[in-house]
Amino acid sequence: DALAVYIRSVKISMQILKIKNFGPIGENKNDIDGFFTVNISPVTIFIGETASGKSTIAKLYSIFLWLEKKLMRTELSVNLNIEVFKNLCRQQEIGDYFSSETVLIYEGNVFIFEYNEKNNTITKSAKKDISVYVLPKIQYVSAARNLLTLLYAIRSSTITSEDGNILTLSSNIPFMVNDLNTEYLRALNELARDGFDLPIEKTQVFYQDHRTFIETDKKKISMSSASSGIQSITPLLLVSEFLSCEVKKDLFEKLQVTNENLKNNIRNELHKTNYDNLIEKFNLYCMGGREILGQDSDIGLLENIIKKFIPSCFINIVEEPEQNLYPNSQGKVLYKLLECMNMNEHNQLIITTHSPYLLSYLTLVAKAAELSNKKVPIDRIKTIVPEKSMILGKKITIYEMKNNGSIECLPPYAELPSDNNVLNQAMADGNGLFADLLDMEQEFCE
């Protein structure tokens with residue numbers, strides 16, 4: 001029945017992105033159609049040298065996610081055209097990456113998009129069961145995030161209006177930084193009024209009287225004077241925790257802050273799908289949640305329809321979480337991001353990184369989860385890896401981007417993230433060169 005269809009939403013398929021000749025990513029000579037294929041798992045990591053395409057894939061993924069979300073909420077015209085798509089790419093600063101041979105395919109949870117430059121077309125098709133969908137909150141956390149704290153210092157006199165309202169940043173600021181700024185301000189107001197703990201020993205962030213500062217060992221320092229590492233992780237961690245908690249809230253609680261236009265969209269969806277009998281129940285639900293409907297058998301169906309319009313999971317796309325951080329602090333930040341991801345079943349964490357240390361910490365969390373499943377006492381495991389940060393290795397995928405335009409999925413070893421990658425090789429090369437210098441010393445100085 002209809003309820004069973006919606007209940008199947010707990011089984012969401014993995015999203016797939018296929019890329020050919022886009023920006024730094026070339027054509028796959030080993031694929032019959034020339035595509036490099038990326039399967040997005042709950043934790044997906046992109047590594048590789050500078051300009052190899054890590055952020056390119058992350059940005060493409062965010063754009064297709066956004067398109068799918070807007071179509072599911074009927075907020076985007078069904079006449080999707082090539083210029084709309086290219087404009088989205090320009091906003092994400094990848095608008096110059098198209099070539100005459102570019103082909104992109106995105107297989108989402110409910111839609112398949114195909115972009116073909118040669119044919120000058122972008123097409124979409126719906127999968128058989130478009131009801132199998134959980135609406136995500138999508139956040140792209142740019143590596144330029146510490147611009148936010150610097151901009152506040154430069155524009156402190158104009159950040160608030162006369163009536164105390166917080167103003168938006170300049171339209172000249174990159175789209176993804178402006179978007180992050182919106183959520184950062186909400187997160188500051190929600191989480192930092194009484195202090196937000198950073199994973200740096202005895203360090204808290206405060207937001208009071210429209211000012212952001214940190215407190216460490218009872219010393220107050222303005223955010224603009226804080227270390228570059230703290231300026232980098234503050235927007236990242238505040239927004240990640242805020243949005244993870246927001247999507248986890250009860251549906252009724254989320255409806256209380258939902259505008260009337262969106263509620264009318266839900267009513268229109270109920271009418272369009274011949275669930276007119278649920279419209280009055282939806283109105284009651286908005287007033288009192290599950291309790292007001294008692295034991296009504298339609299509650300499950302109604303809530304799953306509402307979830308097409310109210311975000312119930314969080315997709316966190318993060319550029320370089322290790323930015324300006326000591327290796328030990330990189331691990332603590334990763335643990336916090338994984339804790340946020342683990343709050344909801346369908347959350348995802350997408351990371352671009354240059355850090356071999358992050359991969360080492362990923363191996364730790366995967367091994368800890370494996371030992372937990374083997375009934376090793378959790379109190380022992382927690383001395384190494386926080387319980388809320390553990391995730392099984394089979395939920396982690398690592399892609400290595402090459403400067404020749406190719407993409408390689410690194411196979412796991414015994415369900416643990418592979419250590420055979422360019423970042424670890426770079427460390428090994430450095431050790432090898434140092435060994436060569438020691439050999440010279442022995443040869444010529446003794």
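Predicted model: local features only at pLDDT ≥ 70, side-chain atom pairs only at ≥ 80, totals over all residues.
Q: Which residues touch the most other members of the largest nonpolar core?
A: Start from the general idea: in soluble globular proteins, nonpolar side chains tend to be buried together. Here the largest nonpolar core has 55 residues, and V43 and L362 touch the most other members. Helix α6 (residues 228-248) gives the most to this core, with nine residues. Another core, of 43 residues, lies apart from it; L71, L88, C89 and V110 are among its members.

Q: What is V43 in contact with, leaving aside its neighbours within four places in sequence?
A: Its partners are L338, M341, L349, L362, I391, K395, I396 and T397.

Q: How many Å should helix α12 span?
A: Count 1.5 Å a residue. The 18 residues of α12 (residues 356-373) should then span 26 Å, and the end C-alpha atoms are 26 Å apart, which agrees. L362 is one of the buried residues of α12, and so is E370. At the N-terminal end, S355 is the cap: a side-chain oxygen lies 3.2 Å from the backbone nitrogen of Y357. Just after the helix, K375 takes a positive phi of about 70°.

Q: Which strands stand at the edges of the five-stranded sheet?
A: Read the strand order: β2-β1-β4-β5-β6, an open sheet with antiparallel pairing. β2 (36-40) and β6 (121-126) stand at the edges. Each has a single partner strand, so one side of each is left without a neighbour in the sheet. Inside the order, β4 (residues 98-107) and β5 (residues 111-116) pair over five bridges. V103 stands opposite N116 in β5.

Q: Which helix lies across β4, β5 and β6, at about 90° to β4?
A: That is α3 (residues 82-91).

Notes
Residues numbered from 1 in each chain as written. Heavy atoms only, no water. Core = buried A, V, L, I, M, F, W, Y, C linked by side-chain atoms within 4.5 Å. Buried < 20%, exposed > 50% of the residue type's maximum accessible area, 1.4 Å probe, protein only. Helix = DSSP H or I, 4+ residues; strand = E, 2+ residues; numbered from the N terminus. Contact = heavy atoms within 4.5 Å. Expected span 1.5 Å × (residues − 1). Polar contact = N/O pair within 3.5 Å; in protein donor to acceptor, adjacent residues only side chain to side chain. Pairing = 2+ DSSP bridges. Axes fitted to C-alpha atoms, helices over the stretch in contact; angles between N-to-C directions.
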